[in-house]
Amino acid sequence: MRESLGLFDLLCNSEWFQETPIFIFFNKMDHFQEKIRRTPLETFFPEFTEYKLKHDILTVRIENEFKNFNGRKSNVETVTACKFIMEKFLSCDRRGSKLLWPFLTCATDSKTTRRLFQLIYEQLLSDYAPNY
């Protein structure tokens, strides 16, 4: 995870991608949910012990996505861990100029994956296609 964060930091702040929107896919969220139950996130990120979940729009989105994956409400520990990791990636943008779009995915859920790609397609068209 730390290696992924380092690589993302380099890409996010590269001069080559200054004005490029970046879509971050957090895939295999079903596996993440299981791993969090077995191994506390503090094992890898000791600062997680001090992290407090703030109920905001990102939290609601995470809760809804987990509900879409498994049809039931996720537990607070999973949502908190997921948001912590998302915020780690989002904070890599030191310029504050990026359009960073985080998405939770479970690639084996083809219905949700199709919906997600349709959403991204529509957003890209509305933001970057010329108005005709």
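Select Arg-37 and Glu-34. Their side chains meet in a salt bridge, at 2.6 Å from N to O. The model is a predicted one. Both residues sit in helix H2, 3 residues apart, so about one helical turn separates them. Now show the surface over the pair. Arg-37 is partly exposed, with a relative accessible area of 45%. Glu-34 also counts as partly exposed, at 38% relative accessibility. Side chains of opposite charge can pair when their charged atoms come close.

How many salt bridges does a search of the whole structure find? It finds 5. Select Arg-2, Glu-47 and Lys-88 together. Salt bridges with shared partners join these residues into one network.

The side chains of Glu-47 and Arg-2 meet in a salt bridge of 4.0 Å, N to O. This pair links distant parts of the chain, 45 residues apart. Arg-2 belongs to helix H1. Glu-47 lies in the loop between H2 and helix H3, and H3 covers residues 57–70.

Are these two partners buried or exposed, or partly exposed? Glu-47 is partly exposed, with a relative accessible area of 32%. Arg-2 is partly exposed as well, with a relative accessible area of 48%. Each value lies between the 20% limit for buried and the 50% limit for exposed, so "partly exposed" is the class for both.

Draw a line between their C-alpha atoms.

Select Asp-9 and Arg-94. Here, too, two side chains meet in a salt bridge, at 2.6 Å from N to O. Asp-9 lies in helix H1, and Arg-94 in the loop between H4 and strand E2 (100–104), so the pair ties together parts 85 residues apart in sequence. Turn the model to view Arg-94. At 58% relative accessibility, Arg-94 counts as exposed.

**Next stop: a nonpolar patch**

Select Leu-7, Leu-10, Leu-11, Trp-16 and Phe-17. They form a nonpolar patch on the surface. Together they have about 590 Å² of accessible area. Pick out one member, Leu-11. Leu-11 is found in helix H1, which covers residues 2–12. Leu-11 is partly exposed, with a relative accessible area of 40%. Membership of a patch calls for over 30% relative accessible area.

**Last stop: the largest pocket**

Rolling a probe the size of a water molecule over the atoms shows where empty space is left. Display the pockets and go to the largest one. About 530 Å³ of space lies in the largest pocket. Its lining has 23 residues. Which of them lie nearest the centre of the pocket? Select Met-1, Phe-32, Lys-35, Leu-41 and Ile-85 to see them.

Now colour by element. H1, strand E1 (22–26), helix H2 (29–38) and helix H4 (76–90) each give two or more residues to the lining of the largest pocket. Which element gives the most? H2 does, with 6 residues. Then colour by residue class. The lining of the largest pocket has 15 nonpolar, 4 polar and 4 charged residues.

Finish with H2 on screen. This helix holds the pair you began with, Arg-37 and Glu-34. H2 also gives the most to the lining of the largest pocket.

Notes. Residues numbered from 1 in each chain as written. Predicted model: local features only at pLDDT ≥ 70, side-chain atom pairs only at ≥ 80, totals over all residues. Heavy atoms only, no water. Patch = residues over 30% accessible without salt bridge, like charges linked within 9 Å, V, L, I, M, F, W, Y side chains within 5 Å. Areas by Shrake-Rupley, 256 points an atom, 1.4 Å probe, with all protein chains shown as cover. Helix = DSSP H or I, 4+ residues; strand = E, 2+ residues; numbered from the N terminus. Buried < 20%, exposed > 50% of the residue type's maximum accessible area, 1.4 Å probe, protein only. 1 Å grid on protein atoms, 1.4 Å probe; cavity = no way out; pocket = protein on both sides within 12 Å on 5 of 7 lines; lining within 4 Å. Points joined across faces, edges and corners; volume = space filled by probe spheres on them. Nonpolar A, V, L, I, M, F, W, Y, C, P; charged D, E, K, R; others polar.
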